[in-house]
Amino acid sequence: MTIREAMEKRHMVRKYKDTVLPEEIVKKLNERIEALNKEHHLNLVLRTEDGTAFAELIDKLITKNAKNFIILAADPAEGVEEKIGYVSADIMLYAQELGLNTWWVGASFNKDAVKKECPNHTVYGVISIGYGEEQGSVHHSKDDFEVCSYEGEAPQWFKDGVEYALMAPTAFNRQSFYIKGKGNTVHFEYKAGEFQGIDTGLVKYHFEAAAGKENFEWA
């Protein structure tokens, strides 16, 4: 599966099969998480066969068999929320390549229970992960002309970047970003509000993955 195929296939999935993640899959996820933590100075942690994060939601039938999750934790610092969003995109797309499904959760989880599992760092959210009962559905999306502009004729890499940026998950599906291009320079804006930094990281990752880092630089 290519990264573009992973972005196309990844959708929010809240209900999972009652299937234990194979040891080899857990090993691969932990290796990816370890590498991301080291590169971005974060403290992500994978928990498996642990239903504490979503017990209340299971009771309300919002989710099912949500017993594996990644704690998105780090020490507070300038830009850390954008880093959390960026690595979240990486790990969710990697999970998709491994045949798994995911759900990025910023509020609807048991914060007290999760904090106990990661007491020494700030928790910014969790990613539920597992084998989905279904593969999810495409979220409603804005049109590309609503979220971008390019000075002159837009090159294909810019068009591709915007197309796949719109596939990124954002809080409440707001897609409150705007991408402007000129030459090989790209300027990114995101409307101020809750999850602004995290959404920025999620969308930037998708743009980079489709446009190709070698084709542009962020302003």
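A nonpolar core, as the term is used here, is a set of buried Ala, Val, Leu, Ile, Met, Phe, Trp, Tyr and Cys residues joined through side-chain atoms within 4.5 Å. Keep that in mind as we walk through this structure, which is a predicted model.

Let's start with the largest such core, which has 37 residues. Helix α4 gives the most, with 10 residues.

Pick Leu29 and see who it meets. Setting aside residues up to four places away in sequence, Leu29 touches Leu21, Leu46, Ile91, Tyr94, Leu98, Leu100 and Ile129. There is also a second, separate core of 18 residues, and Tyr150, Val162, Ile179 and Phe216 are among its members.

Now for a strand residue, Ala73, which lies in β2. Its relative accessible area is 0%, so Ala73 is buried. Beyond its neighbours within four places in sequence, Ala73 is in contact with Leu42, Asn43, Leu44, Ile84, Cys118, His121, Thr122 and Val123. Asn101, by comparison, sits 28 residues from Ala73 in sequence, and the two C-alpha atoms are 21 Å apart in space.

Next, follow the chain to helix α7 (residues 156–165). Of its 10 residues, 7 are buried, so α7 is largely enclosed by the rest of the structure. The buried ones are Trp157, Phe158, Asp160, Gly161, Val162, Tyr164 and Ala165. What lies over them? The cover includes α1, α6 (144–147), β5 (148–150), β6 (177–182), β7 and α8.

The crossing of α7 past α8 is right-handed. On the α7 side the contact is made by Trp157, Phe158, Asp160, Gly161, Val162, Tyr164 and Ala165, and on the α8 side by Val203, His206, Phe207, Ala210 and Ala211. Sorted by class, that contact has 9 nonpolar, 2 polar and 1 charged residues.

Finally, a look at some backbone angles and a pair of histidines. Most residues other than glycine have a negative phi. His41 is in the loop between α2 and β1 (45–47), and it counts as exposed because its relative accessibility is 62%. His40, in helix α2, is buried, with a relative accessible area of 13%. Leaving out residues up to four places away in sequence, His40 touches Lys83, Tyr86 and Val87.

Phe195 also has a positive phi, of about 70 degrees. You'll find Phe195 in the loop between β7 (185–190) and α8. Is Phe195 buried or exposed? At 14% relative accessibility, Phe195 counts as buried.

Technical notes: Residues numbered from 1 in each chain as written. Predicted model: local features only at pLDDT ≥ 70, side-chain atom pairs only at ≥ 80, totals over all residues. Heavy atoms only, no water. Buried < 20%, exposed > 50% of the residue type's maximum accessible area, 1.4 Å probe, protein only. Helix = DSSP H or I, 4+ residues; strand = E, 2+ residues; numbered from the N terminus. Contact = heavy atoms within 4.5 Å. Axes fitted to C-alpha atoms, helices over the stretch in contact; angles between N-to-C directions. Left-handed = near helix turned anticlockwise from the far one by under 90°. Nonpolar A, V, L, I, M, F, W, Y, C, P; charged D, E, K, R; others polar.
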